[in-house]
Amino acid sequence: MAKKGTDIQKAANILKQGRLVAIPTETVYGLAANAYNNDAIARVFEAKQRPSFDPLIVHSHSIESVKDFTMGMDPLLEKLAGKFWPGPLTLLLDRKNVIPDLVTSGMKRVAVRLPDHEITINLLKSIDFPLVAPSANPFGYVSPTSADHVVSKLGEHVEYVLDGGNSAIGIESTIVGIDDERAVIYRLGGLEIRDIEKIIGEVDVKPRSTSNPKAPGMLHSHYSPLKKVIVGNISELRNRYKNNNYGIIRFSGNIEKRNEVVLSPTGNIREAAKNLFSALRSMDESDVSIILAEPAPPEGLGLAINDRLKRAST
Ligand code: TXA
Ligand code: MG
């Protein structure tokens, strides 16, 4: 069973031996392994029960260090990196050969990010290789935003969890790449579209906000071990499901009944995003049989919240 702690040296030693450590980031916790070591990467897929055609994000500690394993950056992406790294932004960049095929499912581009979390940045500086780190959850399940989340669902498969507290943003990174010379958002996430557009102008958003539809075997709907999630107007849903033992996740307001979670009493979108995955997990662990969820206002981070609710509901 995984141990939790804050020992960066210990984490570095485990990683150097090709084994797995869960790491905190500002978005969600990641399941990390040496990005240059095929055996270590294979362990990540195995631990998560993740299909090998779903590529991984590589984490590094500086723009300079990213150059070790990528070719030059498109000027649009360079602007974004300069402005938002470290932060909840993942860029799709042409890879060098040091990145194994297993990381990218054989694709030309590798997903890269500089996480904004002191412990993890210090860990990355103490090793001489970048880290692959998908979210530290079993494939298809809700991403973890605390060390306890990791231990509860993946504890058997990870040796050590670096505990960096609750993830400050709580929703995965926004993925951006270039397609036909235009910037494209492949996954909505912790960095808002409008912040990106302030820097590089209008961007395209892939309709379903899945990651890369060009990726081999892209999955539209995950297997989800979550209880059934239904998104909509709460009073209507309450009425429709009145004969069921339901739980409710509301965006804002006060808790009215038992089995309710409010993401942000004051309707603060950042606070709501931060609490979303914990709310889904606690509902899943409670005795309710279905989860009724209220969407966030569809702007800024609310778009990413609604995207995750929709994914949880299909
Ligand atoms: O915030 C995050 O991004 C977290 C933290 C740990 O950094 N990581 C994360 O990783 O969410 P993961 O593996 O759960 O999600 C990564 C997504 C997947 O949907 C994958 O298909 C996509 O990124 N992806 C990875 N590499 C890609 C590539 N080369 N081209 C297109 N999509 C890619
Ligand atoms: Mg994930």
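Ser105 sits in the loop between α5 (101–104) and β6 (109–113), where helices (H or I, at least four residues) and strands (E, at least two) are DSSP runs numbered from the N terminus. This is a predicted model, in which local features need pLDDT of at least 70 and side-chain atom pairs count only at pLDDT 80 or more, while totals for chains, interfaces and linings use all residues. Residues are numbered from 1 along each chain as its sequence is written, chains are lettered from A and ligands numbered from 1 in the order in which they are written, and side-chain values use heavy atoms, with hydrogens and water left out.

Phi of Ser105 is near 55 degrees, a positive value in a residue other than glycine. With 19% relative accessibility, Ser105 counts as buried (buried means under 20% relative accessible area, exposed over 50%, and partly exposed in between, with a 1.4 Å probe and protein chains only). Gln49 also has a positive phi, about 55 degrees, and is not a glycine either. Gln49 is found in the loop between α2 (38–48) and β4 (57–59), and is exposed, at a relative accessible area of 63%. Pro86 belongs to the loop between α4 and β5 (89–94).

Now for the whole chain. The protein chain has eleven helices and 15 strands. Its radius of gyration is 19 Å, close to the 20 Å that the globule rule gives for 314 residues, so the chain is as compact as a globular protein of that length. That radius is taken over C-alpha atoms, and the rule is 2.2 Å times the number of residues to the power 0.38. Along its principal axes, the C-alpha trace spans about 55 × 45 × 35 Å. Of the 314 residues, 57% are buried. Contacts (heavy atoms within 4.5 Å) tell a story too: among those with a separation of 6 or more, 66% are between residues 24 or more positions apart. As for charge, there are 39 positive and 37 negative side chains, and the centres of the two sets lie 3 Å apart. Here Lys and Arg count as positive and Asp and Glu as negative, leaving out His and the chain ends; each charge is placed at NZ of Lys, CZ of Arg, CG of Asp or CD of Glu.

Just after α8, Gly201 takes a positive phi of about 80 degrees.

One of the strands in that cover, β9, holds Ile178. Ile178 counts as buried, at 18% relative accessibility. Beyond its neighbours within four places in sequence, Ile178 touches Asp74, Leu76, Leu77, Arg109, Ala183 and Tyr186. The C-alpha atoms of Ile178 and Asn137, 41 residues apart along the chain, are separated by 28 Å. Asn13, in helix α1 (residues 8–16), is partly exposed at 32%. Between the C-alpha atoms of Asn13 and Ile127, 114 residues apart along the chain, the separation is 8.9 Å.
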